[in-house]
Amino acid sequence: MYQYNDLLFIIENLPDPVIIVDLDGIVKFINPATESFLGIKKEELLGELFGFPLGNEGSKEITFFRPTGERFIAEINKVNVSWKGEKSYLLSLRDITQREQRLMNLNHELEATILELEQAKEVAEIANNIKSKFLANMSHEIRTPLNGIMGMTELLKETDLNDEQKDYLSLFSHSGKLLLKLINEILDLSKLEAEKVHLDNVMFNIFELVESTCQLLTSKAQQKGLSITYSTDSQMPTIIQGDPTRLKQILFNIVGNAIKFTSQGEIIVKSIPSTYKKHNYLEILFSVSDTGIGIPEDKKKYIFESFTQADPSINSNYGGTGLGLTISKKLIEMMGGKIWFDSKVDKGSTFYFTVIMKIAEKKADELKPEKKSKKSNQNKENQLSIVLKQDNFFSKNKPMRILLAEDNDINRMIVEKYLKSNLIEIDYAQNGKIAVNKYKRNVYDIVLMDIRMPEMNGHEATQTIRNIEKEKGRKKIPIIAFSAGATTEEIQRNLRSGCNEHLSKPIIKEELVNTIFKYFEIIKQNQDEPSPNICKGMTC
Amino acid sequence: MTDYVFELFIAGNDLLGKRAIKNIKLFCENTFQDNYTLDIIDIEIKQELAGKYRISAIPTLIKKKPLPEMRILGDLTETDQLTMELNLDLD
């Protein structure tokens with residue numbers, strides 16, 4: 001055991017201040033380190049009320065002031081002891097001013113760094129915004145001449161060509177389609193990155209969605225000798241609520257990839273309801289398996305990054321933009337899900353993804369069935385003219401009168417060629433203002449309205465036409481919007497302005513003809529009951 | 001006059017002082033209801049009082065009444081020990 005004097009010697013020589021106070025907080029002992037620490041003489045402290053901190057565990061932080069006004073921070077520890085036979089507290093102090101100061105400096109540095117980072121983030125966000133706008137504008141600007149190129153390619157296909165020319169044209173058309181896909185995907189990704197994409201929340205039939213998506217890709221698979229098997233678990237609720245267009249986009253992309261990277265074997269698509277969540281929400285698990293080339297181990301982590309394919313040579317061998325999976329991943333995350341995969345080189349890959357959707361309360365029969373695949377439309381080229389001839393209505397009555405509002409000469413020419421028939425009369429307007437004036441003075445059966453035009457754009461022109469119809473009691477004329485923008489918001493904006501339909505550029509002949517077919521009955525009814533108040537003069 | 005009188009010494013806006021004020025106010029309201037007086041003294045404003053009371057540590061809580069006068073140092077987080085450490089007879 002140590003002797004009392006030995007212990008006292010140790011305490012007296014400790015570099016840290018030690019104070020002993022009784023249970024009332026009166027100072028009974030201080031060591032020399034305390035004197036210099038507090039800047040107070042021993043005699044001034046002994047017998048004085050000093051106090052003590054609460055609690056026996058850990059140290060407390062306290063600010064001390066020396067008589068000189070100097071301020072410092074100390075840690076104080078309290079231990080129960082016996083001092084000269086009386087219960088007391090032993091208080092030990094440690095100067096942590098420097099440590100605190102360092103921490104404070106670090107804090108300041110950290111705050112400054114955060115501020116700098118925030119500023120850098122703001123700058124980056126502004127730059128990103130500019131980039132998104134630039135991309136949106138550029139893709140719009142590129143799409144317009146591309147419309148001309150693709151349209152002319154379609155027309156060229158209908159002329160007499162030798163086999164060599166046909167081959168060149170096919171490559172020409174393929175490149176055009178690839179370029180269009182790339183532009184669409186870049187635009188989509190820039191919107192997703194700018195968080196400008198809003199998901200729809202509508203009811204749809206999940207069985208039909210899986211079926212129609214796979215059917216769309218069946219012919220592509222068959223061309224490569226592959227089979228596609230798809231199934232939806234029978235436990236799956238038929239009608240669910242969410243964004244069917246975007247879900248279809250994801251599935252289309254992943255199944256499309258499976259076909260792209262498989263040269264023999266099969267693609268298996270499955271969807272099952274995996275977890276039922278609160279408030280009628282359901283997690284749906286999709287899996288797409290292929291027997292393709294697989295993904296090498298060292299490329300696996302890059303697979304979801306933009307413009308990344310497992311191997312640079314893949315692009316030349318398999319095509320594609322390398323944006324599909326990036327877009328799909330972002331969309332899946334927006335739908336509360338995740339995407340992952342298993343893959344072995346030369347054995348194949350299985351991609352899994354989940355999305356969270358709401359189980360719809362309405363019954364299946366209350367939902368309009370989705371349009372079936374468009375296979376039957378392939379033979380409809382030139383059908384407009386044939387149908388018009390067969391249909392006595394237009395041969396007996398007046399020809400179909402179309403007002404085409406389009407500022408671009410090439411696009412105007414393409415539409416004219418697409419619809420060429422002696423039973424169709426096409427009148428042109430170079431901008432929205434001319435279109436409105438022509439509409440006031442003449443009778444038309446249908447309006448084809450480009451959206452981006454000088455003087456007055458397609459939205460304003462459509463709204464003006466709709467207003468004139470109301471004021472003059474004229475029949476509601478079908479208006480089909482043509483626009484380079486293909487985003488959901490753009491389509492909605494077109495429909496909100498009063499257009500009946502939206503067609504994205506480049507205008508595909510088949511789509512245009514089919515869309516006009518849809519309005520045949522309305523056109524006939526409108527012709528049967530002519531509208532009053534058609535203004536013949538220039539004063540209207 | 002109230003039966004319980006306290007003075008809390010703090011210095012400006014420092015975090016320890018703020019914590020001490022919050023803790024002691026809650027303790028007093030719960031323990032003494034209206035029967036207490038609490039003065040909060042900022043020694044950066046009233047420097048003369050720091051000298052008069054020989055305050056060298058901040059925060060310091062002084063129990064002026066009931067006697068004996070006692071001092072507790074720190075942010076007073078463990079308020080459950082205050083009754084015992086200050087010898088308060090609450091019956």
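This is a predicted model: local features need pLDDT of at least 70, side-chain atom pairs count only at pLDDT 80 or more; totals for chains, interfaces and linings use all residues.
## Contact between the chains

The contact between the two chains draws 18 residues from chain A and 20 residues from chain B. On the side of chain B that touches chain A, the elements giving two or more residues are β3 (57-58), β5 (70-73) and α3 (82-85) of chain B. Of these, β5(B) gives the most, with 4 residues. By class, this side of chain B has 10 nonpolar, 4 polar and 6 charged residues.

Strand pairing also links the chains. Strand β3 (residues 52-53) of chain A runs parallel to β5(B), and 2 bridges join them. P53(A) has L73(B) in β5(B) as its bridge partner.

The pairing of β3(A) with β5(B) belongs to an open sheet of 5 strands, whose order is β3(A)-β5(B)-β4(B)-β1(B)-β2(B) and whose pairing is mixed. At the edges stand β3 of chain A and β2 (36-42) of chain B, each of which pairs on one side only.

Within chain B, strand β1 (residues 4-10) and strand β4 (residues 60-65) are antiparallel and share 5 bridges. In this pair, F9(B) is placed opposite T60(B) of β4(B). Helix α1 (residues 15-32) of chain B packs on the sheet, where it touches β1, β2 and β4 of chain B. The direction of α1(B) makes about 170 degrees with that of β1(B).

## The parallel sheet of chain A

Chain A holds an open sheet of 5 strands with parallel pairing, in the order β15-β14-β16-β17-β18. Its edge strands are β15 (424-429) and β18 of chain A, each pairing on one side only. On average, and with direction ignored, neighbouring strands of this sheet are turned by 20 degrees against each other.

Two helices are placed against these strands. Helix α13 (residues 432-441) of chain A lies across β14 (400-405) and β15 of chain A, at about 155 degrees to β14(A). Helix α14(A) packs on the sheet and touches β14, β16 and β17 of chain A, its direction making about 150 degrees with that of β16(A).

## Strand β17 of chain A

Strand β17 (residues 479-483) of chain A is largely enclosed by the rest of the structure, because 5 of its 5 residues are buried. From β17(A), I479(A), A481(A) and S483(A) point one way, while I480(A) and F482(A) point the other way; all are buried.

On one pairing, strand β16 (residues 446-450) of chain A meets β17(A) in the parallel sense over 4 bridges. Here V447(A) is opposite I479(A), and L448(A) has I480(A) as its bridge partner. Together with helix α14 (residues 458-472) of chain A, β16(A) and β17(A) make a right-handed β-α-β unit. Strand β18 (residues 501-504) of chain A also runs parallel to β17(A), joined by 4 bridges. In that pairing, A481(A) is opposite H502(A) of β18(A).

## A helix pair in chain A

Helix α6 (residues 206-223) and helix α7 (residues 244-260) of chain A pack with their axes 10 Å apart, at an angle of about 30 degrees. The crossing of α6(A) and α7(A) is right-handed.

Residues making the contact include L209(A), L216(A), L217(A) and K220(A) from α6(A), and L247(A), L251(A), F252(A) and I259(A) from α7(A). By class, the contact of α6(A) with α7(A) is made up of 11 nonpolar, 2 polar and 2 charged residues.

Conventions. Residues are numbered from 1 along each chain as its sequence is written. Chains are lettered from A and ligands numbered from 1 in the order in which they are written. Two residues are in contact if their C-beta atoms, placed from the backbone, lie within 7 Å. Ala, Val, Leu, Ile, Met, Phe, Trp, Tyr, Cys and Pro count as nonpolar, Asp, Glu, Lys and Arg as charged, and the others, Gly among them, as polar. Two strands pair if DSSP finds at least two bridges between them. A residue is buried if 20 or more other C-beta atoms lie within 10 Å of its own, exposed if 12 or fewer, and partly exposed in between; C-beta atoms are placed from the backbone. A crossover is right-handed if, with the strands pointing away from the viewer, the path from the first strand over the helix to the second runs clockwise. Axes are lines fitted to C-alpha atoms, for helices over the stretch in contact, and angles run from 0 to 180 degrees between N-to-C directions. A crossing is left-handed if the near helix is turned anticlockwise from the far one by less than a right angle, and right-handed if clockwise.
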